Amino acid sequence: EKGGDFSAWPTQLFDPLSGVLTPGQALPISRSPFSGNRVPASRFSPVSQALLKYWPDPTRPCATPCNNYEASTSTPVRMDQHTVRLDHNFSTSDRVFGQYLYSKETAPIPSVIPLSGVVTQQSSWLASAQWTHVFNSRMVNELRAAYNHFLFDQNFETQGKGVMYWKEAGLRNLNEKYEALPAIIPGSQYTNIGYAGSVPFFSISNTQHFVEHFSFITGKHTLK
């Protein structure tokens, strides 16, 4: 089929450039069938010919049209996590606590069709500290501060390899930094190639947290 051979198909293909008006007939236009249900290579556009190499060849025989391609994928997920904690008592009146948490995960979202997957990466770190000061048996002050940083990045699986797939296929007017293939939708009964989602997608969020508690005990009452 990639070479234009549809002889195994039960549906006859007609030459779209051979239309002839047939007034008074059941069909207003008569078209000539492709001989042997084969589309000549001369009728392929240069862009189509360049794109065809990206579609994989069939992996299983079946009566066309059918699902004649099967493949498996792997999703290796890499995760790194680190935790650091510090506790220190400067005196019976002053105690400090601090911690640092770091996490990073890289996970592909593959596709059995080439040039159609993405890679997702997310990382975050959290730094927090607390200082507790005891003035006396009735007065205690706690000061807490925290900062959280989160990054999310999703990009094409081909990004960073230095290949302009869209340019190699003869497509135009795309971003020069776009090292991928946009979604190519051939129509019914064929699988799309390329990725149509909103990528690259990049997001950063930062959250700051500050709080101070002062406790005062008088008689049977506690005030904060």
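These legends accompany several views of one predicted model.

The model is predicted: local features need pLDDT of at least 70, side-chain atom pairs count only at pLDDT 80 or more, and totals for chains, interfaces and linings use all residues. Residues are numbered from 1 along each chain as its sequence is written, and side-chain values use heavy atoms, with hydrogens and water left out.

**View 1. Overall fold of the protein.**
The protein has 2 helices and 8 strands. Helices (H or I, at least four residues) and strands (E, at least two) are DSSP runs, numbered from the N terminus. From that end, the elements run β-β-α-β-β-β-β-α-β-β. The radius of gyration is 32 Å, well over the 17 Å that the globule rule gives for 224 residues, so the protein is more spread out than a compact globule. This radius is taken over C-alpha atoms, and the rule is 2.2 Å times the number of residues to the power 0.38. The C-alpha trace spans about 105 × 40 × 35 Å along its principal axes.

**View 2. Surface and contacts of the whole protein.**
Of the 224 residues, 21% count as buried. Buried means under 20% relative accessible area, exposed over 50%, and partly exposed in between (1.4 Å probe, protein chains only). Contact means heavy atoms within 4.5 Å. Among contacts with a separation of 6 or more, 55% come from residues 24 or more positions apart.

**View 3. The largest pocket.**
This pocket has a volume of about 970 Å³. Of its 31 lining residues, the closest to the centre are Glu1, Lys2, Leu52, Trp55 and Tyr190. The lining divides into 18 nonpolar, 8 polar and 5 charged residues. Ala, Val, Leu, Ile, Met, Phe, Trp, Tyr, Cys and Pro count as nonpolar, Asp, Glu, Lys and Arg as charged, and the others, Gly among them, as polar. On a 1 Å grid over the protein atoms alone, a pocket is an open set of points where a 1.4 Å probe fits, with protein on both sides within 12 Å along at least five of seven lines; lining residues have an atom within 4 Å of a point. Grid points are joined across faces, edges and corners, and the volume is the space filled by probe spheres set on the points.

**View 4. Ala127 and Ser128 in strand β5.**
Ser128 lies in β5, residues 118-136. Ser128 is buried, at a relative accessible area of 16%. Ala127 is partly exposed, at 25%. Leaving aside neighbours within four places in sequence, Ser128 contacts Phe97, Gly98, Gln99, Ala145 and Ala146. With such neighbours again left aside, Ala127 contacts Gln99, Tyr100, Ala145, Ala146 and Tyr147. The C-alpha atoms of Ala127 and Leu101 are separated by 6.6 Å, and the two residues are 26 apart along the chain.

**View 5. Glu212 in strand β7.**
Glu212 sits in β7. Its relative accessible area is 51%, so Glu212 is exposed. Not counting residues up to four places away in sequence, Glu212 touches Asn141, Glu142 and Leu143. From Glu212 to Ala146, 66 residues apart along the chain, the C-alpha separation is 12 Å.

**View 6. Leu115 between strands β4 and β5.**
Leu115 lies in the loop between β4 (94-109) and β5. Its phi is positive, about 60°, although Leu115 is not a glycine. Leu115 counts as buried, at 12% relative accessibility.

**View 7. The loop between α2 and β7.**
Asn173 is found in this loop. Phi of Asn173 is near 60°, a positive value in a residue other than glycine. Asn173 counts as exposed, at 80% relative accessibility. Leu174 lies in the loop between α2 and β7. Leu174 is partly exposed, at 31%. Leaving aside neighbours within four places in sequence, Leu174 contacts Trp166 and Pro182. The C-alpha atoms of Leu174 and Met164, 10 residues apart along the chain, are separated by 9.9 Å. Pro200 is also in the loop, which runs between α2 (165-168) and β7 (201-218). A cis peptide bond joins Val199 and Pro200, with omega about 0°.
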